[in-house]
Amino acid sequence: MFQKLKKYQFLFEELVKRDFKKKYKRTMLGMGWSILAPLLQLLVLRIVFTQFFGRNMDHYTIYLFCGTLIFSYFSESTGQGMSSLMGNAGIFTKVNVPKYLFLFSKNVQALINFGLVLVVFFIFCIWDGITFTWKFILLLYPIVSLLLFNIGVGLILSALFVFFRDIQYLWGVFTQLLMYMSAIFYSIDSYSQTAQYLFLLNPVYLHIRYFRKIVIDGMIPSVWFHLLMIADVAIVLGIGCWMYKKYNTRFLYYV
């Protein structure tokens with residue numbers, strides 16, 4: 001795979017540039033929306049839910065920001081990745097190139113946007129009195145894990161979207177449901193132990209919780225928590241790669 005990426009490096013770079021230009025075309029703020037959009041979402045959640053959930057919670061703004069930061073990255077990456085094959089059908093039906101390049105370019109774009117918002121997140125941490133420690137380096141683990149998880153989900157969604165256009169509507173409903181199940185604006189401490197374990201079945205919540213553990217609590221999640229995240233990544237990546245390999249030629253007949 002890495003050899004093919006090197007071979008098609010020029011095409012890959014051009015795809016990333018094209019996606020950026022296309023996304024911010026005819027906008028006054030351009031890439032500024034990558035930062036402004038999640039901040040506006042954070043502001044709305046902060047105003048609406050502070051009185052209900054944040055009254056007795058320290059660093060509630062950072063608690064919210066962790067949730068919106070991770071979920072927005074997941075939502076953007078998978079949403080754009082879903083249409084990566086169909087949106088580039090005019091290229092791979094005429095030129096024999098690895099089809100996963102189109103998905104990777106979408107993920108690079110989403111990762112850059114995530115990186116910009118992450119810088120703002122750290123600024124908010126300083127403003128909210130969060131103490132920076134060496135443990136912040138461990139945030140690389142959930143970032144890399146979420147990147148690979150998003151790629152795996154994107155592989156699955158983009159393959160399904162070629163055969164079933166309805167998947168875009170189903171995914172929209174699912175991500176909305178997932179948002180409420182990811183404890184973005186509330187704490188799960190008041191739930192029963194069984195319910196709290198059920199939350200761990202949500203991979204997005206795992207990444208949000210990891211960020212909160214490091215940034216707010218100053219604690220490193222347990223070894224089994226790390227292994228659970230690895231398992232989620234391995235499963236979706238495995239399924240996604242299998243689907244691309246199995247239906248590689250069939251994609252040409254459905255686009």
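The legends below describe close-up views of a predicted model. In this predicted model, local features need pLDDT of at least 70 and side-chain atom pairs count only at pLDDT 80 or more, while totals for chains, interfaces and linings use all residues. Residues are numbered from 1 along each chain as its sequence is written, and side-chain values use heavy atoms, with hydrogens and water left out.

**View 1. The chain as a whole, with 13 helices and zero strands.** Helices (H or I, at least four residues) and strands (E, at least two) are DSSP runs numbered from the N terminus. Of the 255 residues, 47% count as buried, where buried means under 20% relative accessible area, exposed over 50% and partly exposed in between (1.4 Å probe, protein chains only). Among contacts (heavy atoms within 4.5 Å) with a separation of 6 or more, 77% join residues 24 or more positions apart.

**View 2. The second largest pocket, with about 280 Å³ of space.** On a 1 Å grid over the protein atoms alone, a pocket is an open set of points where a 1.4 Å probe fits, with protein on both sides within 12 Å along at least five of seven lines, and lining residues have an atom within 4 Å of a point. Grid points are joined across faces, edges and corners, and the volume is the space filled by probe spheres set on the points. Helix α11 (residues 203-217) gives the most to the lining, with six residues; the lining as a whole includes M57, D58, Y63, R209 and R212. By class it holds five nonpolar, one polar and six charged residues, with Asp, Glu, Lys and Arg counted as charged, Ala, Val, Leu, Ile, Met, Phe, Trp, Tyr, Cys and Pro as nonpolar, and the others, Gly among them, as polar. The charged end of R212 sits over the ring of Y63, 3.5 Å from its centre, the rule being that NZ of Lys or CZ of Arg is within 6 Å of the ring centre and within 35 degrees of the ring normal.

**View 3. The aromatic pair of F122 and F136.** Rings of Phe, Tyr and Trp (its six-membered ring) pair if their centres lie within 6.5 Å, and planes under 30 degrees apart count as stacked, over 60 as edge-to-face and the rest as tilted. By this rule the count comes to 26 aromatic pairs. The ring centres of F122 and F136 are 6.2 Å apart and their planes stand at 50°, so this pair is tilted. The pair links distant parts of the chain, with F122 in helix α7 (residues 100-127) and F136 in the loop between α7 and α8 (140-163), 14 residues apart. F122 is partly exposed at 26% relative accessibility, whereas F136 is buried at 10%. Both belong to one aromatic cluster, whose members include F65, W127 and F211.

View 4. T78 counts as buried, at 0% relative accessibility. Leaving aside residues up to four places away in sequence, T78 touches N150, V153, L157 and W171.

**View 5. Positive phi at H59 and A183.** H59 is not a glycine, yet has a positive phi of about 55°; H59 lies in the loop between α3 (32-53) and α4 and is partly exposed at 27%. A183, likewise not a glycine, has a positive phi of about 50°. A183 belongs to the loop between α9 (167-180) and α10 (193-199) and is buried, with a relative accessible area of 0%.
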